[in-house]
Every structure is written in structure tokens, then in C-alpha cells.
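Please read this briefing beside the sequence and the coordinates.

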Amino acid sequence: MAFVKLPAEVEKDIHACLQCGYCNFVCPIQLNPDRGFESWRVRGKMYHLKRYAHPGTFDRLMRRRPEITPEFVERVYNCTACGYCQHVCHANIKFNDRWEQVKEWFVTNGAGPLDRHKALRTRVIAKHNPYDEPHESRDAWIPKTAKRSRNPEILYFTGCTASYRQQKIAQDATRVLDAAGVDYDILGKDEWCCGSPLIRTGQTDIVRDEVDGLVKHNLNEIEKRGARTVVTACAGCFMTLSHNYPLYAGKPDFKLLHLTQFIDKLVADKKLKLKKPLPKKVAYHDPCHIGRHFGIFEEPRRILKSFPKSSYIEMKHNRYDSQCCGAGGGYKIQFNDRAEYIASLRVLEAKELGAEMLVSACPFCVTNLTGGAKVAGVKMEVAELVSLVAESVS
Ligand code: SF4
Ligand code: SF4
């Protein structure tokens, strides 16, 4: 890539980096045995960017400069957007945004994204979902028995994973809302991909387009339903709607809640009573995009503890120190085997603890941890918290 200026905030932060290395020991990418070298590490990538933008005296004398090579681009895309580097950074660098800005910069300058990421963009433009599924069947999961309201208080934003790949989770969400007597509606075919996989891979043009971008479309449809609160079970949708949408379109008129926050309140208000116990000894995996990014730690745990004679146990790595499942940031689509290997380590951690079931609060984590259990070769059921709640209340 010919020399081009770094995005302004990245330029500022390459000078803030102390090269102290606290970030070196937390990145899930390094759980892959051949990804431990400095060039795969956050500190190494920051140093590379700094020397690219500011070559040393000797480099200038020799009329040379470090390049942005395809190998370096691949290393930056080796990221699950887990937020751990931001959490530990001693210079307070806001990596959650910075990595996305670097990837956007790659895309703008023709150096990114990686091959499989390009397909995401094509599919979302053609079918409004990254799974290459027909848009016409986006609402096929909706049970005929779902008690949808024409004047809803709550809008359940389903997301692509639950609409196409984890439909039982979406159906269980409606069972829970029905059991609590909530006035809700679902966008169905009016919902498009929230844009998360595109934003995380730097392909933001069709997300932020002011005429027919994903943000514009989804916000219009949400507004038409008139609901004051939007609830989503997917951690990726939650992160996108709560963090990225306001960046692109300003503060929305609705309140956004993750489904675990909403259920926690329903239980506290005695609108939902958990009647049946947890089916097994359960450990909880914190999804990065609601956990480390937004501090939603206690709501899912309170729900788990509300089951009669709760058999919930705590993982060794939990809350801010939770270990990523490996799925996010566009990592799974490009490096599926590595993503499932990372997930297998999380499953083994739960197994060593004595858990019989690993529960999460994100359909995408559930998908990857299920793959991880197969890779680990251990018997471990993986489930979504909302499915356990649906079983307990019905
Ligand atoms: S966000 Fe997570 S995966 Fe990405 S570089 Fe930081 S620690 Fe590594
Ligand atoms: S912890 Fe922050 S300041 Fe230290 S090396 Fe990593 S990125 Fe740089």
C-alpha cells in the first residue's frame, strides 16, 4: 500500500502506546499456538503502524519505510473484537474503535478486507443477511402462536443468526415474552442485518449510507412500529445498535436493552416466575459484546440464580476477565477452524470446572461454542440462557 496518512485518532494513539506489553497476554488470537509472535500482538501491530507513519532517521536516510503488506493486514484482521486489549491498556487506548478505524482505512485504500469478508458485503447487499439466505424467509421462524401486538411497547430485534441459524433461540424469546404478557412486535422481513459483520471488518459504506444504508433502513422500520424499547438477544446486534448506530445517526429515540436485562427486570417485577430448575450443572460464558464492552455481567447471573435450587457455577475466567469464544470481529467467517479452537478451550475450561452445560447470552457465541465442543471432543451441552428461561416458565 502506497503511503497514506493514518486516521487521525489512530495517529494520536500510536504515540500514546507505551510499548509496555500488558496487552500481550490477553488477546485470544494468541491461544492459537502459532500466533504468539510479536507481529500478531497488539503491541507489535501498534509499533508497526507507528513506524509506518513515522519512519526513523535511518529509514529516511535510506529512503525506505515500513510497508502495509498483506501479511500485516492479515494480522490486524486476526481479531475477534473482544475488547480485552482496551480493557488492560495502560495508555487507555480505545481499541474497540481504533481497530475498526484501521480496517476501514485498509478498505478505503484497497488493502482490505480479507477474501471471505468480501462475500459478507455482497450477501448483505443482495439478501440483507450475511448467511446468503433468501430475504423472503427471514420471518419463517416466527411461531404462529406468537402474540404480537399492533401497538407494541417492545420491539424484539432478532438479528440474522437467530433468524436463520439459531431459530429455536428466537422462538424461545417469543415464548418468554408471551409468558410474561409483554406487548411486543417483531420486524420480520422489515428487519435487515444490523451491520455488525461489516462494521467489524471495515466495510462501513453500506452500513452508514444516508439513503439506503442498513442503519437508515432499520431505524426507519423501528420508528414505524412506535415501540419505546428495543430488545435484542444477540450481543453483536446489541453492540451495533447501542454503540455504532448513534455514531452514524445520532442518539435514537428508543431505549435499547439486551434480552438478559429485560428478563432480569421481568423476574424482579414478578412478571416472570422461573418454576423448573436448571436441567444440569450450568456455567455461564460472558459474551464479549455485552460483557467486557458494556458491563452486562450481573443480569444474566441473577437470572441463573433465580432458578429453583440453582445449579449455576462460576467460570474461572469471568466478567471483565472472561475468555472470548473466538467468533466475533469477522474472525469466524475467515478463520473458522481457529475460532472453533479458541471456543474449544472455553468448553474445556467449563468441563474442568465440572459443568455439564455451557450457557451464553448470544446466538453467535452459542454457534461457535457448539463447534468448540466438537473440536474439544467432550460432552458438553451448549445453550442460550433464554432457552433455559423458556423451559422454566412454560
Ligand atoms: S480486541 Fe481482542 S482479539 Fe482484537 S486485538 Fe484486542 S485482545 Fe486481540
Ligand atoms: S497495553 Fe496499551 S500502551 Fe501498553 S503496549 Fe499494549 S497498547 Fe501499548
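Predicted model: local features only at pLDDT ≥ 70, side-chain atom pairs only at ≥ 80, totals over all residues.

Residues are numbered from 1 along each chain as its sequence is written, chains are lettered from A and ligands numbered from 1 in the order in which they are written, and side-chain values use heavy atoms, with hydrogens and water left out.

**Salt bridges**

- The structure holds 31 salt bridges, a salt bridge being a side-chain nitrogen of Lys or Arg within 4 Å of a carboxyl oxygen of Asp or Glu.
- Side chains of opposite charge can pair when their charged atoms come close.
- Glu298 and Arg319 form one such salt bridge, with their closest N and O atoms 2.7 Å apart; this pair links distant parts of the chain, since Glu298 belongs to helix α15 (residues 298–306) and Arg319 to the loop between β6 (312–313) and α16 (331–334), 21 residues apart. Helices (H or I, at least four residues) and strands (E, at least two) are DSSP runs, numbered from the N terminus.
- Glu298 is partly exposed, with a relative accessible area of 32%, and Arg319 is also partly exposed, with a value of 23%; here buried means under 20% relative accessible area, exposed means over 50%, and partly exposed lies in between (1.4 Å probe, protein chains only).
- Both residues take part in a network of salt bridges that links Asp286, Glu298, Arg301, Glu314 and Arg319.
- Arg64 and Asp59 meet through their side chains in a salt bridge of 2.9 Å, N to O; Arg64 is partly exposed at 44% relative accessible area, whereas Asp59 counts as buried at 8%.
- Arg41 is joined to Glu38 by a salt bridge whose closest N and O atoms are 3.6 Å apart, and here Arg41 is buried with a relative accessible area of 19%, while Glu38 counts as partly exposed at 31%.

**Surface patches**

- Phe58, Leu61 and Met62 form a nonpolar patch on the surface, with about 370 Å² of accessible area together. Accessible areas come from the Shrake-Rupley method with a 1.4 Å probe, and for residues only the protein chains shown count as cover.
- Patches are made of residues with over 30% relative accessible area and no salt bridge, where like charges are joined within 9 Å and nonpolar side chains (Val, Leu, Ile, Met, Phe, Trp, Tyr) within 5 Å.
- Lys270, Lys273, Lys275 and Lys276 form a positive surface patch. Lys and Arg count as positive and Asp and Glu as negative, with His and the chain ends not counted, and the place of a charge is taken as NZ of Lys, CZ of Arg, CG of Asp or CD of Glu.

**Backbone features**

- Lys270, in the loop between α14 (259–268) and β5 (282–284), has a positive phi of about 60° although it is not a glycine, and it counts as exposed at 73% relative accessibility.
- Asn92, which is not a glycine either, has a positive phi of about 60°; this residue lies in the loop between α5 (84–88) and α6 and counts as exposed at 51% relative accessibility.
- The peptide bond from Gly112 to Pro113 is cis, with omega near 0°, and Pro113 is placed in the loop between α6 (95–108) and α7 (115–127).

**Buried residues and their contacts**

- Asn32, in the loop between α1 (8–16) and α2 (42–53), is buried because its relative accessible area is 3%. Leaving aside neighbours within four places in sequence, Asn32 is in contact (heavy atoms within 4.5 Å) with Tyr331, Arg338, Tyr341 and Ile342.
- Ile199, in helix α10 (residues 196–200), is buried with a relative accessible area of 1%. Apart from neighbours within four places in sequence, the contacts of Ile199 are Glu100, Thr204, Val207, Thr240, Asn244 and Tyr248.
- Ile199 and Gly329 are 130 residues apart in sequence and 8.5 Å apart in space, C-alpha to C-alpha.
- Asp185, in strand β2 (residues 184–186), counts as buried at 8% relative accessibility. Not counting residues up to four places away in sequence, Asp185 touches Arg148, Ser149, Pro152, Ile154, Leu155, Tyr156 and Arg225.
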